[in-house]
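Reader: Could you walk me through this model, beginning with the metal site and then moving on to whatever else stands out?

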Amino acid sequence: MQCAESLRVQAYFDREVDAVSATEIERHTQHCSECRALLEDIGSTRTTLRRKIPYVAAPPALRAQILRALDLESAADQGAQTVTPVATAPVAPKPRPAARPVHAPRWGGRAFWTGAFSGMGGAALAAALAFFLVVPVVMNPLPDDLVSAHVRSLMPDHLIDVVSTDKHTVKPWFAGHTDVSPVVADFEAQGYKLIGGRADYIDHYRSAVVVYQHGSHFINVFTWGGAERRLPANTTRSGYHMAFWQEGDIQYCAVSDTSWDEMLGLVRLMREQA
Ligand SMILES: [Zn+2]
């Protein structure tokens with residue numbers, strides 16, 4: 001049986017209680033292991049969500065559509081009996097007004113979105129949107145892991161483990177530090193200067209990262225041996241382009257904030273080298 005304080009503990013976590021209640025709950029969790037575990041659980045869930053799910057801005061058209069749906073919702077509520085909204089309680093879909101034309105659900109079409117959300121209350125609408133926006137991202141964490149690793153590498157002293165412009169130094173270094181032996185070549189003549197290598201942990205592999213400088217931009221080329229997994233399509237996250245390809249049983253991903261053309265130029269050179 002759940003502790004009677006568990007709801008208040010969740011409200012405390014969301015900073016929805018006053019100072020007196022907060023003190024009571026803090027005292028309670030000191031001797032209630034169940035509520036302590038609950039706090040830890042929702043804390044780690046929040047941490048995971050913040051780490052794994054990037055901030056994605058809704059397209060303006062979707063935003064406008066949601067606001068319109070909420071307007072309709074509040075207009076429908078006015079005149080009806082006043083109900084105090086409870087944010088955490090699930091909101092049952094209301095029956096669709098008979099006068100509104102019923103469209104066949106169609107993915108991606110306006111009819112689907114308006115149809116799907118027209119009968120929902122605000123909280124259910126928000127939950128449903130979170131589901132639709134979050135699910136595709138959660139299902140393939142690789143691009144986000146790569147962008148995180150790229151951004152981390154740009155912090156002071158993180159970019160390069162072995163500083164060298166010589167492929168004969170970089171390639172043997174990988175042998176002792178990573179699980180793969182990727183293409184390492186200098187393309188300085190073509191504008192992509194090899195500046196070194198790094199070991200990084202990607203997709204459960206000790207990934208070898210070859211680092212190039214192109215003008216003022218860095219291009220990290222991550223490699224790992226996950227040949228059994230299908231690679232994601234080329235994509236852009238948080239302003240960083242990612243180009244994926246595979247040579248034999250080694251998978252590659254170049255990440256950079258340089259332009260697509262410039263980055264694909266390096267990809268072409270590396271593929272020719274392989
Ligand atoms: Zn308790």
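Reader: Which residues coordinate the zinc ion, and at what distances?

Author: The zinc ion is held by C3 (SG), H28 (NE2), C32 (SG) and C35 (SG), at 2.0 to 2.3 Å. Donors here are N, O and S atoms within 2.8 Å of the metal (3.2 Å for Na, K and Ca), and water is not among the atoms, so sites may look incomplete.

Reader: Before we go on, what sort of model is this, and how are residues numbered?

Author: This is a predicted model, in which local features need pLDDT of at least 70 and side-chain atom pairs count only at pLDDT 80 or more, while totals for chains, interfaces and linings use all residues. Residues are numbered from 1 along each chain as its sequence is written, and side-chain values use heavy atoms, with hydrogens and water left out.

Reader: Fine. What is the arrangement of the four donor atoms around the zinc ion?

Author: The four donor atoms subtend angles of 102 to 124° around the zinc ion, which makes the arrangement tetrahedral. Four donors count as tetrahedral if all angles lie between 85 and 135 degrees; four count as square planar and six as octahedral if opposite donors are over 155 degrees apart and all others between 65 and 115, and anything else is irregular. As a reference, the ideal angle for four tetrahedral donors is 109.5 degrees.

Reader: And how are the donor residues of the zinc ion spaced in sequence?

Author: The spacing of the donor residues is C-x24-H-x3-C-x2-C. C3 lies in the segment before α1 (6-13) and C32 in the loop between α2 (19-31) and α3 (33-52), so the pair ties together parts that are 29 residues apart in sequence. Helices (H or I, at least four residues) and strands (E, at least two) are DSSP runs, numbered from the N terminus.

Reader: Are C3 and C32 buried or exposed?

Author: Both C3 and C32 are buried, where buried means under 20% relative accessible area, exposed over 50%, and partly exposed in between (1.4 Å probe, protein chains only).

Reader: Staying with the helices, how do α1 and α2 pack?

Author: The axes of α1 and α2 are 10 Å apart, at an angle of about 120°; axes are lines fitted to C-alpha atoms, for helices over the stretch in contact, and angles run from 0 to 180 degrees between N-to-C directions. The two helices, α1 and α2, are therefore oblique to each other, given that angles under 35 degrees count as roughly parallel, over 145 as roughly antiparallel, 65 to 115 as roughly perpendicular and the rest as oblique. The crossing of α1 and α2 is left-handed, a label used if the near helix is turned anticlockwise from the far one by less than a right angle, and right-handed if clockwise.

Reader: What about α1 and α3?

Author: Their axes come within 10 Å, and α1 and α3 cross at roughly 40°. That makes α1 oblique to α3, and the crossing of α1 and α3 is right-handed.

Reader: Changing topic, how many aromatic pairs does a search of the whole structure find?

Author: The search finds three aromatic pairs. One of them is formed by W173 and F174, which are edge-to-face, at 5.8 Å centre to centre and 65° between the planes. Rings of Phe, Tyr and Trp (its six-membered ring) pair if their centres lie within 6.5 Å, and planes under 30 degrees apart count as stacked, over 60 as edge-to-face and the rest as tilted. Both W173 and F174 are buried.

Reader: Which residue is 22 residues apart in sequence from V267, and where does V267 sit?

Author: That residue is W245, with 8.5 Å between the C-alpha atoms of V267 and W245. V267 is in helix α9 (residues 260-273) and is buried at 9% relative accessibility, while W245 lies in strand β6 and is buried at 4%.

Reader: Last one: what is the phi of D157?

Author: Phi of D157 is near 65°, a positive value in a residue other than glycine. Most residues other than glycine have a negative phi. D157 lies in the loop between α7 (142-153) and β1 (162-163), and D157 counts as exposed at 79% relative accessibility. S238 also has a positive phi, of about 50°, although S238 is not a glycine.
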